[in-house]
Amino acid sequence: MSQHPETIALHHGWRADPTSGSVAVPIHQTTSYQFNDTDHASNLFALSELGNIYTRIMNPTNDALEQRVAALEGGVASLALASGQAASAFALQNLAKTGDNVVSSTDLYGGTWNLFANTLKDQGIEVRFVDPADPEAFRNAVDDRTRAFYAETLPNPKLHVFPIAEVAAIGSEYGIPLIMDNTACPILCKPLEHGAAIVVYSATKYIGGHGTSIGGLIVDGGNFPWGEHKDRQPALNTPDPSYHGAVWVEATAPLGPVAYIIKARTTLLRDLGSAMSPFNAFLFLQGLETLPLRIHRHCENASRVADWLSGRDEVTRVIHPGKQDGKTRARADKYLSGGYGGLVGFELSGGREAGRKFIDSLELLYHVANIGDARSLAIHPASTTHSQLTPEEQEQTGVTDGYVRLSVGIEHVDDIIADIEQALNKAG
């Protein structure tokens, strides 16, 4: 099989339906599956044989998507979920229990910050936030009950690329896996190649690419030695009462290095039910087919927009990896290949009111709470996506009153810039 993403995105995990010959992956809109006999059913539930049981846990359409995304990332398996938020939550809940903790980068999307700082806290899981500018901050936050590190590759909205290899190396010393949210830069970065153990996606964004569907994915790299860290990773190395006392590292050994993802599927997805619909999986497969083409146009247009914004007097700062220098630029060049992503931020001298007026003056760009669409999008994070954070938390994530975030689409770049220009003129 090809290692080129353009080919993988079109072909991996599916050739044709054996019955109908359908080349497009069918939408298996079914709840249940006929078992061959009682032995077959028993084997499926005991995990001694893999197959379809119930669509809350697995589905053939979802399986094709999971195989394709795992191949693109260089992982061994993946799990499709109902949203990116579910993927972020499951990624940590699969390892951490009440009384455990996770060390996370401060540079996060606002919804993820709230999930970590409040909802997981209510569930007894502490998330310790550290500034990734210094990778050693992760080491300094570790104790005996630290189960994982978590970060975004290209954090939205700060856009400072995360030091993946440096933090992954620290984690390996302690038996702590690095979980990377790669939502903002699929194709451009493969965190598993830099030492990450798990990759998370909001498929809603660039993978779907057309603003039609909500979904998330977790990819298991198959590269983390869970069995060598029994004390550090008890969730995978001690009997699980929810599955007949299975020790996941041992129970899944005949299937390969998939203990993490099998546990996530057969316990968390089974019990919490955050299943991706087969119809959404079908739409994500359609988006995935053109992702390698789209992502490079996003990058090209975003760089052009960042360059143009740099020449505007009312813009006090442009936030884009291509406009950074020093250590932050070096990390962008190290971890991103083929472009700096499709996101651009900028700060207006007029502060919050200028930011709001700019947004309200746009005619081509859409004002929506999303990124990664084929069309260009804009939002004022301080009053929307990050409004539930305290001023101090907003500052930590990179949000100021005058900050505007653009998700630059694949329209003709002259039209994108023309709309930004007329909105800036109106915003004063």
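Trainee: So helices here are DSSP runs of H or I with at least four residues, strands are E runs of at least two, and both are numbered from the N terminus. Which of them each supply at least two residues of the lining of the largest pocket?

Mentor: Keep in mind that this is a predicted model. For the largest pocket, the elements that each give at least two lining residues are helix 2 (38–45), helix 3 (60–73), strand 1 (77–81) and helix 10 (259–272).

Trainee: What volume does the largest pocket have?

Mentor: The volume of the largest pocket is about 650 Å³.

Trainee: And which residues lie nearest its centre?

Mentor: Leu 50, Met 58, Asp 63, Ile 262 and Arg 265 lie nearest the centre of the largest pocket, out of 30 residues that line it.

Trainee: How do the lining residues of the largest pocket divide into nonpolar, polar and charged?

Mentor: You get 16 nonpolar, 9 polar and 5 charged residues in the lining of the largest pocket.

Trainee: How much space lies in the second largest pocket?

Mentor: The second largest pocket holds about 370 Å³. Its lining has 25 residues, and Tyr 109, Thr 112, Thr 183, Ser 202 and Lys 205 are the closest to its centre.

Trainee: Which elements each supply at least two residues of that lining, and what is its make-up by class?

Mentor: Helix 4 (84–93) and strand 6 (198–202) each put at least two residues into the lining of the second largest pocket. By class, that lining has 8 nonpolar, 13 polar and 4 charged residues.

Trainee: Switching to cysteines. How many disulfides does a search of the whole structure find?

Mentor: The search turns up 0 disulfides.

Trainee: What about Cys 299, buried or exposed, and which cysteine has the closest sulfur?

Mentor: Cys 299 is buried, with a relative accessible area of 3%. Its closest cysteine sulfur belongs to Cys 185 at 8.9 Å, again too far for a bond.

Trainee: Backbone next. Where is the cis peptide bond?

Mentor: A cis bond joins Asn 156 and Pro 157, with omega about 20 degrees. Pro 157 is in the loop between strand 4 (146–152) and helix 7 (164–174). Most peptide bonds are trans.

Trainee: What is the phi of Leu 159, and where is Leu 159 found?

Mentor: Leu 159 has a positive phi of about 65 degrees although it is not a glycine. Leu 159 is found in the loop between strand 4 and helix 7. At 2% relative accessibility, Leu 159 is buried.

Trainee: And His 244, buried or exposed?

Mentor: Exposed: His 244 has 79% relative accessibility. Phi of His 244 is also positive, near 55 degrees, and the residue is in the loop between helix 8 (234–237) and helix 9 (248–251).

Trainee: Last topic, helix 12. Which of its residues are buried?

Mentor: In helix 12 (residues 326–335), the buried residues are Arg 331, Ala 332 and Tyr 335. Seen down the helix axis, they fall within an arc of 100 degrees, so they line one face of helix 12.

Trainee: What do the buried residues of helix 12 pack against?

Mentor: They pack against helix 7.

Technical notes: Residues are numbered from 1 along each chain as its sequence is written. This is a predicted model: local features need pLDDT of at least 70, side-chain atom pairs count only at pLDDT 80 or more; totals for chains, interfaces and linings use all residues. Side-chain values use heavy atoms; hydrogens and water are left out. Buried means under 20% relative accessible area, exposed over 50%, partly exposed in between (1.4 Å probe, protein chains only). On a 1 Å grid over the protein atoms alone, a cavity is a set of points where a 1.4 Å probe fits but cannot get out, and a pocket is an open set with protein on both sides within 12 Å along at least five of seven lines; lining residues have an atom within 4 Å of a point. Grid points are joined across faces, edges and corners, and a volume is the space filled by probe spheres set on the points. Ala, Val, Leu, Ile, Met, Phe, Trp, Tyr, Cys and Pro count as nonpolar, Asp, Glu, Lys and Arg as charged, and the others, Gly among them, as polar. A disulfide is a pair of cysteine sulfur atoms within 2.5 Å. The arc is that of the directions from the helix axis to the C-beta atoms. Contact means heavy atoms within 4.5 Å.
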